Amino acid sequence: MTLTISEPRHREVAAQRLDRLSRRELQVLRLIAQGLSNAAIAAELFLAGKTVETVCSSIFRKLDLHPSDHVNRRVLAVLVVLREDGVL
């Protein structure tokens, strides 16, 4: 499964998708992008592990990333951030 969106358009789409996220969700997503596990994110933000799981679920829902056996939602969520930041 490959997503191809024109350069200017994909940044706009990524920005719109990230606008749906709360400040806490963006904070957690950026830590995911740094490669942190849920346990490491919980320790970093002084949260319970279950809270991080709930925030991750909310991120995936708001970014329209549905469970799948074929793709990793954490990776797809990070790609949204990288596109918005202009890295991709």
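Helix axes here are lines fitted to C-alpha atoms, over the stretch in contact, and the angles between them run from 0 to 180 degrees between N-to-C directions. The structure is a predicted model, in which local features need pLDDT of at least 70, side-chain atom pairs count only at pLDDT 80 or more, and totals for chains, interfaces and linings use all residues. Residues are numbered from 1 along each chain as its sequence is written, and side-chain values use heavy atoms, with hydrogens and water left out.

On to the overall layout. The chain comes to five helices and zero strands, where helices (H or I, at least four residues) and strands (E, at least two) are DSSP runs numbered from the N terminus. Read along the sequence, that gives the pattern α-α-α-α-α. Of the 88 residues in the chain, 31% are buried; buried means under 20% relative accessible area, exposed means over 50%, and partly exposed lies in between, with a 1.4 Å probe and protein chains only. Contact, meaning heavy atoms within 4.5 Å, can also be sorted by sequence separation. Among contacts between residues at least 6 apart in sequence, 61% join residues at least 24 apart.

Start with helix α2, which spans residues 23–33. Its buried residues are E25, V28, L29, L31 and I32. They cover an arc of only 160° around the axis, which puts them on the same side of α2; the arc is that of the directions from the helix axis to the C-beta atoms. Just after α2 comes G35, with a positive phi of about 95°.

Next, the packing of α2 on α3. The two axes come within 10 Å and cross at roughly 125°. That makes α2 oblique to α3, on a scale where angles under 35 degrees count as roughly parallel, over 145 as roughly antiparallel, 65 to 115 as roughly perpendicular and the rest as oblique. The crossing of α2 past α3 is right-handed, a term used when the near helix is turned clockwise from the far one by less than a right angle, with anticlockwise giving left-handed. On the α2 side the contact draws on R24, Q27, V28, L31 and I32, and on the α3 side these meet I41, E44 and L45. By class, the residues of this contact divide into five nonpolar, one polar and two charged. For these classes, Ala, Val, Leu, Ile, Met, Phe, Trp, Tyr, Cys and Pro count as nonpolar, Asp, Glu, Lys and Arg as charged, and the others, Gly among them, as polar.

Helix α3 itself (residues 38–45) has I41, A42 and L45 as its buried residues. Seen down the axis of α3, these fall within an arc of 100°, so they line one face of the helix. What covers them includes α2, α4 and α5. The face of α3 turned away from this buried side carries the exposed residues A39 and A43.

A42 is worth a look of its own. This α3 residue counts as buried at 7% relative accessibility. Leaving aside residues up to four places away in sequence, A42 touches L47, A48, G49 and V52. A42 and V28 are 14 residues apart in sequence, and their C-alpha atoms are 9.2 Å apart in space.

The axis of α3 and that of α4 (residues 49–62) come within 9 Å and cross at roughly 110°. The two helices are therefore roughly perpendicular to each other. This crossing, too, is right-handed. Here N38, I41 and A42 in α3 meet G49, V52, E53 and C56 in α4. The contact has four nonpolar, two polar and one charged residues.

Most residues other than glycine have a negative phi. F46, which follows α3, has instead a positive phi near 55° without being a glycine. F46 lies in the loop between α3 and α4 and is exposed, with a relative accessible area of 77%. D64 is likewise not a glycine and has a positive phi of about 60°. D64 sits in the loop between α4 and α5 (73–84) and is partly exposed, at a relative accessible area of 44%.
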